[in-house]
Structures are given as C-alpha cells and as structure tokens.
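The paragraphs below begin with the overall layout and then turn to single elements and residues.

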Amino acid sequence: MIYMASKVRHAPRWRALREAGVPISSTWIDEPDPPTDFASLWERCIRESAQAKVCLVYVEPEETLKGAIAEVGSTLGAGGFVFWVGPVGRNTVTSHKRVRVYDKSPRESLFTALYGVYECLGLRDYLDSTEH
C-alpha cells in the first residue's frame, strides 16, 4: 500500500487516484478540513504510514511540510521507502538511502514517481498492461 503525505489541500487529488485504482492507504484524505479530532488523526497517520511499504511525499515549491515529516520518519523507521516529489529545500531526510527524490516540476514528477512506486510494490505488470 501507498501512504500519501502532503498538505491537506491535495487530498482531492489522492482521492481521485484511489478511485482510479491506485492502492492508497491514507485515511486522512477523507477527513474534513480542518480535522475535528487531531489526537486520533495523528495516531492513525503514524500507524498507517508505519504500515505502508511506500510513503509518497508531495510538496509544491511554496509549501512547507510539517506533519508529512513525521509520517516520513514513521515509514522509514518501519523499514519502508519514501518517494519525495517536489523541492527538497532543507529537508535532509532526503539523503536517507531509502528515499528517492523527484525534484523537477512536482506535477510532472508525480507520474514518474508513481511508476517507481509501482515497481517498488512489485506492480509493474499492472502499469504495463492495457487492461486497467
């Protein structure tokens, strides 16, 4: 499964990908904005990101990530991989050996990163087939 880490404003994009068949496990994307119960939200986000084989981080140039950094640490701490899409800025976690960086245009890099995620999950045949 893929855990999506980004600003809440991108949640509609992740819901659309999930509806299209991308195996996204993040339940925060279904939360109201702002969330009504931050305590349970944080518990769930850390648990879900630790259980994911891949955490896909999406950040646009004008954004500053906050919670996503904790989710990245949770995924890495559990042995998973991180695919970082967008500018790195001062986030040194991107030098970790299980972090792949796609730092060109975030919107263009997202599709390249998703291909890499599918390969990481062993789903490359799904991407290469025309029957989906």
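The model is a predicted one. By that definition the protein chain has 5 helices and 4 strands. Their order, starting at the N terminus, is β-α-α-β-α-β-β-α-α.

Some totals describe the chain as a whole. Of its 132 residues, 44% are buried. The accessible surface of the protein chain is about 7200 Å², and carbon and sulfur atoms account for 54% of that area. When contacts between residues at least 6 apart in sequence are considered, 53% of them join residues at least 24 apart.

The next topic is a pair of helices. Two packed helices are described by the angle between their axes and the distance between the axes. Helix α2 covers residues 38-51 and helix α3 covers residues 67-77; they pack at an angle of about 40 degrees, and their axes are 7 Å apart. Because of that angle, α2 is oblique to α3. The crossing in which α2 passes α3 is right-handed. On the α2 side the contact is made by W42, C45, I46, S49 and A50, and on the α3 side by G67, A70, E71, S74 and T75. Sorted by type, the residues of this contact are 5 nonpolar, 4 polar and 1 charged.

An α-helix has 3.6 residues a turn, so residues three or four places apart point the same way. In α3, the buried residues are A68, E71, V72, S74, T75 and L76. What do the buried residues of α3 pack against? Their partners are helix α2 and the strands β1 (2-5), β2 (54-58), β3 (81-85) and β4 (99-102).

Apart from residues up to four places away in sequence, S74 touches I46, S49 and A50. I46, S49 and A50 are also among the α2 residues that make the contact with α3.

Two backbone details come next. Most residues other than glycine have a negative phi, and most peptide bonds are trans. After α3 comes G79, which has a positive phi, near 95 degrees. The peptide bond from D33 to P34 is cis, and its omega is near 5 degrees. P34 sits in the loop between α1 (11-19) and α2.

Two arginines complete the tour. R15 lies in helix α1, and R100 lies in strand β4. R15 counts as partly exposed because its relative accessibility is 27%. Neighbours within four places in sequence aside, R15 is in contact with I29 and D30. R15 and D30 are 15 residues apart along the chain, and their C-alpha atoms are separated by 7.7 Å.

R100 has a relative accessible area of 36%, so R100 is partly exposed. Which residues is R100 in contact with, leaving aside its neighbours within four places in sequence? They are F81, V82, F83 and W84.

Note on methods. Residues numbered from 1 in each chain as written. Predicted model: local features only at pLDDT ≥ 70, side-chain atom pairs only at ≥ 80, totals over all residues. Heavy atoms only, no water. Axes fitted to C-alpha atoms, helices over the stretch in contact; angles between N-to-C directions. Parallel < 35°, antiparallel > 145°, perpendicular 65-115°, else oblique. Left-handed = near helix turned anticlockwise from the far one by under 90°. Contact = heavy atoms within 4.5 Å. Nonpolar A, V, L, I, M, F, W, Y, C, P; charged D, E, K, R; others polar. Buried < 20%, exposed > 50% of the residue type's maximum accessible area, 1.4 Å probe, protein only. Areas by Shrake-Rupley, 256 points an atom, 1.4 Å probe, with all protein chains shown as cover.
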